[in-house]
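User: I have a new structure to look at and would like a short walk through it. Can we take it topic by topic?

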Amino acid sequence: MRLYRASKLLANNATWDFRATTKPHYALVTLHPAFVFGHNLMQTSAEEVATGSNGLLWSLVMQGNPAGSNGVHIQDVAEAHIKVLDPEIPDGSKYLLAGPMATGSEIASIVKRLYPDSGAKITEDTQLSPMPVDTAKAEAELGIQWRSWEAMVKEVMDQQLGFYHKL
């Protein structure tokens, strides 16, 4: 995970260095999403979930493995990409994309209510490690209204459980 985070920072730095040295004739805007959760159109089997963000949520729910609780719905990320195409968005803007934080108890409650027979191991005592984030700029300038954790959990669970029912 450390190398992944480092690669994100290096890519961000390279982007802004490129802008400073090349001075392109187009506007540059960057989006910085937290873990992206939701229906994955590229996933074709249950095993593939371990390679992406959805794997973190699936592992949290099904194995009780603690994880961070900073996430954003895939549709919110897609919406942000469309909204930053607006010529009114200032060149050089940067947006942090992260929906509301959740507790282990909240996620456990969603799973227990919607998927009582799923075999989930998450409990109300599961501790998460959220990092405080300020998404006010994305909310104000892009008009983003974050989708709920229930929507994120539901999409990941429906997709994963659907793969297992096909076996």
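Analyst: One cut-off to start with: buried means under 20% relative accessible area, exposed means over 50%, and partly exposed is in between. Arg 19 has a relative accessible area of 27%, so Arg 19 is partly exposed. Keep in mind that this is a predicted model.

User: Okay. How many helices and strands are in the chain?

Analyst: The chain has six helices and four strands. Starting at the N terminus, the order of elements is α-β-β-α-β-α-β-α-α-α.

User: And what box do the C-alpha atoms fill?

Analyst: Roughly 55 × 30 × 25 Å, taken along the principal axes. The chain has 167 residues, and 37% of them count as buried.

User: Of the contacts between residues at least 6 apart in sequence, what share joins residues at least 24 apart?

Analyst: That share is 78%.

User: Back to Arg 19. Which residue does it form a salt bridge with?

Analyst: Asp 91, with the closest N and O atoms 2.9 Å apart. Asp 91 counts as partly exposed, at 41% relative accessibility.

User: How many salt bridges are there in the whole structure?

Analyst: Six. One of them is between Glu 79 and Arg 147, where the closest N and O atoms are 3.8 Å apart. That pair also links distant parts of the chain: Glu 79 is in helix α3 and Arg 147 in the loop between α5 and α6, 68 residues apart. Glu 79 is partly exposed at 24% relative accessibility, and Arg 147 is partly exposed at 30%.

User: What about Arg 113 and Glu 150, how do their side chains meet?

Analyst: In a salt bridge, at 2.6 Å from N to O. Since Arg 113 lies in helix α4 and Glu 150 in helix α6, the pair ties together parts that are 37 residues apart in sequence. Salt bridges with shared partners also join Asp 76, Glu 79, Lys 83 and Arg 147 into one network.

User: Switching to rings. How many aromatic pairs are there?

Analyst: The count is two. In one of them, the ring centres of Phe 37 and Trp 149 are 5.6 Å apart and the planes are at 50°, so the pair is tilted. Phe 37 lies in strand β2 (residues 35–37) and Trp 149 in helix α6 (residues 149–166), so parts that are 112 residues apart in sequence are tied together.

User: Are Phe 37 and Trp 149 buried or exposed?

Analyst: Both Phe 37 and Trp 149 are buried. As for Trp 58 and Tyr 164, their ring centres are 5.9 Å apart and their planes are at 15°, so that pair is stacked. Trp 58 is buried, at 10% relative accessible area, whereas Tyr 164 counts as partly exposed at 40%.

User: Which residue lies over the face of Trp 16?

Analyst: Lys 94, at 4.7 Å from the ring centre. Over the face of Tyr 95 lies Lys 137, at 5.0 Å from that ring centre.

User: Last one: which residues form a nonpolar patch on the surface?

Analyst: Leu 96, Met 131 and Val 133, with about 260 Å² of accessible area together. Met 131 is in the loop between α4 (104–114) and α5 (136–142). Its relative accessibility is 57%, so Met 131 counts as exposed.

Note on methods:
Residues numbered from 1 in each chain as written. Predicted model: local features only at pLDDT ≥ 70, side-chain atom pairs only at ≥ 80, totals over all residues. Heavy atoms only, no water. Phe/Tyr/Trp six-rings, centres within 6.5 Å; stacked < 30°, edge-to-face > 60°. Helix = DSSP H or I, 4+ residues; strand = E, 2+ residues; numbered from the N terminus. Buried < 20%, exposed > 50% of the residue type's maximum accessible area, 1.4 Å probe, protein only. Lys NZ or Arg CZ within 6 Å of the ring centre and 35° of its normal. Patch = residues over 30% accessible without salt bridge, like charges linked within 9 Å, V, L, I, M, F, W, Y side chains within 5 Å. Areas by Shrake-Rupley, 256 points an atom, 1.4 Å probe, with all protein chains shown as cover. Salt bridge = Lys/Arg side-chain N within 4 Å of Asp/Glu carboxyl O. Contact = heavy atoms within 4.5 Å.
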